[in-house]
Amino acid sequence: VQLQASGGGLVQAGGSLSPSCAASGRLFNTNIMGWYRQAPGKQRELVATITTGGNTNYADSVKGRFTISRDNAKNTVFLQMNSLKLEDTAVYYCTLQTTAAGYWGQGTLVTVSS
């Protein structure tokens, strides 16, 4: 399984970005896709996850600002990030979890400037 993320970048505080991540390879019909992030000097943390059925879970820090969605036919997960804050600056990693194993993408850098 391979995960290819794109759509990070530099944005001013209050702005928006919408990274996406496409999965390829031998995928199970049921899986959980999501995003984690790691800021400089900090541990990796959950951002949001979404099941094949569309059930979502968000970190408290992004609730109301970020929206996760997916296209099951394309095995792609999206993260709409609005009202970005300086503290959202991090490398964002997409993930895919099946009953057999978990997989990580290479990460995409999101930088929020003042």
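**View 1. N75 sits in the loop between β7 (66–71) and β8 (76–81).** This is a predicted model, where local features need pLDDT of at least 70, side-chain atom pairs count only at pLDDT 80 or more, and totals for chains, interfaces and linings use all residues. Residues are numbered from 1 along each chain as its sequence is written, and side-chain values use heavy atoms, with hydrogens and water left out. Strands here are DSSP runs (E, at least two residues), as helices are (H or I, at least four), numbered from the N terminus. N75 isn't a glycine, yet its phi is positive, at about 50 degrees. With 24% relative accessibility, N75 counts as partly exposed (buried is under 20% relative accessible area, exposed over 50%, partly exposed in between; 1.4 Å probe, protein chains only).

**View 2. S83 is in the loop between β8 and β9.** Here again is a residue that is not a glycine but has a positive phi, about 50 degrees for S83. S83 counts as partly exposed, at 41% relative accessibility.

**View 3. A disulfide ties C21 to C94.** The sulfurs sit 2.0 Å apart, and a disulfide is called for a pair of cysteine sulfur atoms within 2.5 Å. The structure has 1 disulfide. It bridges distant parts of the chain: C21 belongs to strand β3 (residues 20–24) and C94 to strand β9 (residues 90–97), 73 residues apart. C21 is buried because its relative accessibility is 0%; C94 is buried too, at 1%.

**View 4. Zooming out, the chain has 0 helices and 11 strands.** The radius of gyration is 13 Å, close to the 13 Å from the globule rule for 114 residues, so the chain is as compact as a globular protein of that length. That radius is taken over C-alpha atoms, and the rule is 2.2 Å times the number of residues to the power 0.38. Along the principal axes, the C-alpha trace spans about 40 × 25 × 20 Å. Buried residues account for 39% of the 114. Of the contacts (heavy atoms within 4.5 Å) between residues at least 6 apart in sequence, 52% join residues at least 24 apart.

**View 5. The accessible surface comes to about 6200 Å².** Carbon and sulfur atoms own 48% of that surface, going by the Shrake-Rupley method with a 1.4 Å probe.
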